[in-house]
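Here are my notes for you on this model, as numbered points. Keep the structure open while you read, and look up each residue as it comes along.

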Amino acid sequence: MFRTISAAFFRVAGAAQPKLLKDVPVRQLHSTYDVAVVGGGIVGLATARELILRHPSLSFVLLEKEKELAVHQSGHNSGVIHSGIYYTPGSLKARLCVRGATLAYEYCDKKGLPYKKCGKLIVAVEQEEIPRLKALYERGLKNNVRDLSVVDAKGIREREPFCRGIMALDSPYTGIVDWRMVALQYGKDFEEAGGTVVTESEVNDISMAKEGPEGSAEGMKYPIAIRDKKGNEVRCRYVLTCGGLYSDRLSQISGCSREPRIVPFRGDYLVLKPEKHYLVKGNIYPVPDPRFPFLGVHFTPRMDGSVWLGPNAVLAFKREGYRVYDFNVKDFADALSFRGLQKLVLKNITYGMGEMYRGVFIGAQVKLLQRYIPEISLSDVLRGPAGVRAQALDRDGNLVDDFVFDGGVGEVGGRVLHVRNAPSPAATSSLAIGEMIADEVESRFSL
C-alpha cells in the first residue's frame with residue numbers, strides 16, 4: 001500500500017517535515033502545486049497518473065474526501081473487463097472500451113496484477129431476441145472486438161454446461177479483475193512518479209485567490225485556491241475534477257450549471273452459495289432490451305471465487321447509499337425535484353416498479369436468472385453487496401451516455417476542467433480515458 005497524507009497534514013514549502021494542522025494556523029498552510037486533481041476514484045487516479053508521467057517536471061496533488069482511495073464506484077462494481085460489444089460503432093465509448101481493455105490487460109501483466117479471461121456469453125433465450133443478438137454481433141465486429149463469434153445451443157452448453165439458450169455471442173476476450181486493486185496501483189504509480197495524495201479532504205470551494213500565499217515570494221503563480229470542509233487550503237495553477245457521484249456539485253461550486261445532473265441508482269446483487277459455484281464458469285449476460293434503460297440481470301464470477309447475480313437498478317436515497325435504508329435528505333430531495341428524473345420515471349414506470357419488486361422479493365429475481373440456468377433455486381442464493389451508479393441525466397429524462405467536460409465561469413473558467421460524466425464501462429476504459437482527459441487538459445491549459 002502506498003503512503004497517503006491525511007488532510008490534517010500538508011506539505012509546507014521549506015519545512016523539514018509536515019506539521020499537524022492543529023499546531024499551525026490554517027492561513028499559514030498554503031501548499032502549492034502546478035495541478036490539483038480532485039477525486040480519488042479510478043478515473044481520477046488514471047488521469048493523475050497519465051498527467052504526471054507526461055509532465056514529470058510539474059508538481060501534482062490528488063485530493064480525496066475519503067480515508068482511502070477508490071472506495072465508491074471503483075470499489076463497488078462487477079469487476080468485469082468489458083470487450084466493447086454494446087456501443088455504437090465509431091463512438092467514443094466504443095473506441096475507449098476496446099483500447100481500454102487492451103491497455104488493462106497489458107497493465108495487469110506489467111504490474112503482476114491477477115485477472116482471469118473467463119469470457120462472456122450474451123445469451124438469447126427467446127426467438128424474438130435473435131435479431132437483436134445478430135445486430136450486437138455486427139456491432140461488435142465493427143468495434144473490432146477480439147475473437148467474437150456466434151454459437152448455437154450446443155456451443156452454449158460446451159462453454160457453460162448449465163446455461164440454456166438458443167443462440168449466443170461468445171466473447172472470450174472478456175475478463176474479470178479487482179478494479180479497486182488496479183485503481184490503487186494507479187495511485188501507487190502516481191506517488192512513485194512524485195505525486196502527492198491527500199485523503200480526508202472534501203473539497204467545497206474552488207475560487208481565485210485574492211493574494212499570494214503567506215511567506216511565498218512567488219506572488220500569484222498559484223492563483224487557484226481549493227478549500228475543503230475542514231478549512232484546509234491548497235493553491236495551484238490548474239484544477240481537474242473527477243468527482244463521480246458528486247461531479248455535478250463539484251462543477252457547481254466553480255459556477256457551472258448543475259446539468260447534466262447526477263442521479264444515484266443502486267444495484268443490489270445476489271450471490272450464489274459456495275456449493276453452487278460450479279453452475280457458472282464465466283460471465284453470462286442477457287440480450288439488451290432497448291425498451292429499458294438498464295441492462296438487466298447477469299451472472300458474474302469474481303476474482304475471489306464468488307459468483308454475483310444481478311443487479312437490479314433502483315433509485316438510491318443517498319448518493320453513497322449501499323444499503324436499502326441509507327437515506328440523505330439533501331440527496332433524496334435533489335433527485336426527486338429534478339425534472340429529468342421525473343420524466344425518466346414516467347417513461348419507465350412499469351420497469352421501475354418491477355425493479356423495486358425484485359429488489360424486495362428475491363424470488364422474483366431468481367425467476368429471471370432461471371431463464372438462463374434453470375437449476376438455480378431460491379435456496380441457492382443469498383443477498384449480496386450493492387453498488388451505486390452515478391447516472392447523468394438531462395432535463396428531458398435522457399441518460400447521458402457520453403463524456404461531458406465543463407469549465408468554471410469568470411476568471412476560474414480558464415483554469416478548471418470538470419469531468420462531468422465518465423459513463424460505464426469507465427473502469428475497463430480507465431487508462432484510455434486517462435489519455436483522453438490528459439489530452440483535453442493539455443489542449444486547454446498551458447502546462
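1. Let's begin with Y33. At 6% relative accessibility, Y33 counts as buried, because the cut-off for buried is under 20%. You'll find Y33 in strand β4, which covers residues 31-38. Now look for G195: Y33 and G195 are 162 residues apart along the chain, yet their C-alpha atoms are separated by 9.8 Å.

2. Before going further, remember that this is a predicted model. How does the confidence look for the chain? The average pLDDT is 89, and 91% of the residues score at least 70.

3. Now zoom out to the whole chain. It holds eleven helices and 23 strands. What radius of gyration would a compact globule with 447 residues have? It would be near 22 Å, and the chain has 23 Å, which agrees. Along the principal axes, the C-alpha atoms fill a box of roughly 75 × 45 × 40 Å.

4. How much of the chain is buried? Of the 447 residues, 55% are. The accessible surface comes to about 19300 Å², and 52% of that belongs to carbon and sulfur atoms. As for charge, there are 60 positive and 52 negative side chains, with the centres of the two sets 2 Å apart.

5. What share of the contacts between residues at least 6 apart in sequence joins residues at least 24 apart? In this chain, 74% do. V287 gives you a case to look at. V287 sits in the loop between β17 (283-286) and β18, and at 4% relative accessibility V287 counts as buried. Leaving aside neighbours within four places in sequence, V287 is in contact with I122, V123, A124, E129, R132 and L133. Also, V287 and L169 are 118 residues apart in sequence, and their C-alpha atoms are 9.4 Å apart in space.

6. Is D248 buried or exposed? D248 has 0% relative accessibility, so D248 counts as buried. D248 belongs to helix α6, residues 247-252. Apart from neighbours within four places in sequence, the contacts of D248 are R258, P260, R261, I262, R319 and R420.

7. G434 is in helix α11 and counts as buried, because its relative accessibility is 0%. Which residues touch G434, leaving aside neighbours within four places in sequence? They are A46, T47 and E50. P264 is another matter: G434 and P264 are 170 residues apart in sequence and 23 Å apart in space, C-alpha to C-alpha.

8. Helix α10 spans residues 362-370, and its buried residues are I362, A364, Q365, V366 and L369. Here is some background for reading that list. An α-helix has 3.6 residues a turn, so residues three or four places apart point the same way. What do the buried residues of α10 pack against? Their partners are β16 (261-272), β18 (298-301), β19, α9 (349-360) and β21 (381-393).

9. Most residues other than glycine have a negative phi, and most peptide bonds are trans. N144 has a positive phi, near 65°, and is not a glycine. N144 lies in the loop between α3 (130-142) and β9 (149-152), and it is exposed, with a relative accessible area of 59%. E200 isn't a glycine either, and its phi is positive at about 55°. E200 is in the loop between β12 (196-199) and β13 (203-208), and at 25% relative accessibility E200 counts as partly exposed.

10. Last, the peptide bonds. Where are the cis ones I'd like you to check? One joins G310 and P311, with omega about 0°. P311 is found in the loop between β19 (307-310) and β20 (314-315). Another runs from S424 to P425, where omega is near 5°. P425 lies in the loop between β23 (416-421) and α11 (430-444).

Note on methods:
Residues numbered from 1 in each chain as written. Predicted model: local features only at pLDDT ≥ 70, side-chain atom pairs only at ≥ 80, totals over all residues. Heavy atoms only, no water. Helix = DSSP H or I, 4+ residues; strand = E, 2+ residues; numbered from the N terminus. Buried < 20%, exposed > 50% of the residue type's maximum accessible area, 1.4 Å probe, protein only. pLDDT = per-residue confidence, 0-100. Rg over C-alpha atoms; globule rule 2.2 N^0.38 Å. Contact = heavy atoms within 4.5 Å. Areas by Shrake-Rupley, 256 points an atom, 1.4 Å probe, with all protein chains shown as cover. Lys, Arg positive; Asp, Glu negative; His and termini not counted. Charge placed at Lys NZ, Arg CZ, Asp CG, Glu CD.
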